[in-house]
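Trainee: I've got this one open and would like to walk through it. Can we start with the helices and strands, then look at side chains?

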Amino acid sequence: MASLSLKSFAGLRQSSPENHHPSITALSKPLSPSQINYRRLNVIASKSSPKITGRNLRVAIVGGGPAGGAAAETLAKGGIETILIERKMDNAKPCGGAIPLCMVGEFDLPLDIIDRRVTKMKMISPSNVAVDIGQTLKPHEYIGMVRREILDAYLRDRASAAGATVINGLFVKMDKPTDKYAPYVIHYNAYDGKAGSAGKKTSIEVDAVIGADGANSRVAKSIDAGDYEYAIAFQERIKIPEDKMQYYENLAEMYVGDDVSPDFYGWVFPKCDHVAVGTGTVTHKADIKKFQTATRLRARDKILGGKIIRVEAHPIPEHPRPRRLADRVALVGDAAGYVTKCSGEGIYFAAKSGRMCAEAIVEGSENGKRMIDESDLRKYLEKWDKTYWPTYKVLDILQKVFYRSNPAREAFVEMCGDEYVQKMTFDSYLYKKVVPGNPLEDLKLAVNTIGSLVRANALRNEMAKL
């Protein structure tokens, strides 16, 4: 896998000379006060930003996943005229569906959209040595398992209830402004059940755009955001017998080894009435079905008698794009590249980035009363990088150290059996913070890790001789 240095991203353009925004024809009726839960944020708008008269700031969000849904709700509650465009309302992305405990609280998620509360995990090595993880969890702590079609629809519905206009449509292209405060023109195909499969060609004018349209983001291409390395995730939803489903009631499994993926892991995650079995890879995309077969083979005794009810595949970004912002267009979620190495987690970071970006717009526009510019959106990136860059860096290092060979993976699984490692891992995952460690325990961990790697290297040498 190609290595990537984790550094600050450049390429943001300087603001152009100021001009006044022309009037824009309203897409829909203004939001009534009863529709908006005004949450006053600390106003940091540029004094040079012109006030908007006769209407509020208008923002289009392209993509209705966790990033788009969270952004739309925050914008609508903050007084912004919000338009969310999603091409497929029942989209079921091939995603493990794991969410941290902090997301349930931060985003006020109802418990009935969480299929399973995982309190136990098994990490299974290339030689099928299994280590039980979860012994350090407190009684109220768990990892939530969701189905993306349920979570995404819930967040979109909540955004709609807050006052956002949700459109079933496919983003086609975007015309950039002719001057600093001129509108962006969004072209999309609207699906209303009357215009046929191609949809009705439609366009709207907006003041700013949030690209939340995933790894293959068309919005990103529109602003020349640059490419990134990506993984292919492949997942099968398998309906297994009830007695076998009981085994996965609150348990998830992760398999590592060259057979299931040369640079990632295979998983079996429990859902409401089935399990999701999948894997991913960056370096050997053409072999993804072979890796999926190997994952099923590793778990065969526990899913025996199961029936595949759905097959899903999708690209997953491996690092942020070179550019995540240009003028009044910002990228969030997978479109920005916010998926962690090692774990492949993206749901929480998608929703969080969507909310952060929206908050920057609400604050910068004084709740929709002023125009924004690139400097307002840049505050979102600065806050994001300061908050989460340590997490991405740590997981990138872990992947480079422990996913490089089967002996290294054996060492990784061995290390996961340590109670201190489990506590640090779960605390960091559940609450999305790099937890400071105990110096003495850190020293012991370093010694044990070196020992595991030495043993792994010796094993690799012996295997090479054979």
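Trainee: Which strands does helix α1 lie across?

Mentor: This is a predicted model. In it, helix α1, residues 66-77, lies across β1 (58-62), β2 (81-86) and β11 (208-211).

Trainee: And at what angle does it run to β2?

Mentor: Helix α1 runs at about 165° to β2.

Trainee: What's the strand order in the sheet?

Mentor: The order is β10-β9-β8-β2-β1-β11-β18-β17. That makes an open sheet of 8 strands, and the pairing is mixed.

Trainee: Which strands stand at the edges?

Mentor: β10 (200-206) and β17 (325-326). Each has a single partner strand, so one side of each is left without a neighbour in the sheet.

Trainee: How many bridges join β9 to β10?

Mentor: 7 bridges, with β9 (residues 184-190) and β10 running antiparallel.

Trainee: Switching to aromatics. How many pairs are there in the whole structure?

Mentor: A search finds 14 aromatic pairs. One of them is Phe264 with Tyr265: the ring centres are 4.5 Å apart and the planes are at 25°, so the pair is stacked.

Trainee: Are those two buried or exposed?

Mentor: Both Phe264 and Tyr265 are buried. Compare Phe402 and Phe412, with centres 5.2 Å apart and planes at 35°, so that pair is tilted.

Trainee: Where do Phe402 and Phe412 sit?

Mentor: Phe402 is in helix α10 (residues 374-402) and Phe412 is in helix α11 (residues 406-416), 10 residues apart. Phe402 and Phe412 are buried too.

Trainee: Which residues do ring pairs link into a cluster?

Mentor: Tyr338, Tyr348, Phe349, Trp384, Tyr388, Trp389 and Tyr392.

Trainee: What about charges, which ring does Arg321 lie over?

Mentor: Arg321 lies over the face of Tyr228, 4.1 Å from the ring centre. Lys432 does likewise over the face of Tyr429, at 3.8 Å from the ring centre.

Trainee: Last topic, cysteines. How many disulfides does the structure hold?

Mentor: It holds 0 disulfides.

Trainee: Is Cys342 buried or exposed?

Mentor: Cys342 is buried, with a relative accessible area of 6%. Cys357 is also buried, at 0%.

How values were computed. Residues numbered from 1 in each chain as written. Predicted model: local features only at pLDDT ≥ 70, side-chain atom pairs only at ≥ 80, totals over all residues. Heavy atoms only, no water. Pairing = 2+ DSSP bridges. Helix = DSSP H or I, 4+ residues; strand = E, 2+ residues; numbered from the N terminus. Contact = heavy atoms within 4.5 Å. Axes fitted to C-alpha atoms, helices over the stretch in contact; angles between N-to-C directions. Phe/Tyr/Trp six-rings, centres within 6.5 Å; stacked < 30°, edge-to-face > 60°. Buried < 20%, exposed > 50% of the residue type's maximum accessible area, 1.4 Å probe, protein only. Lys NZ or Arg CZ within 6 Å of the ring centre and 35° of its normal. Disulfide = S-S within 2.5 Å.
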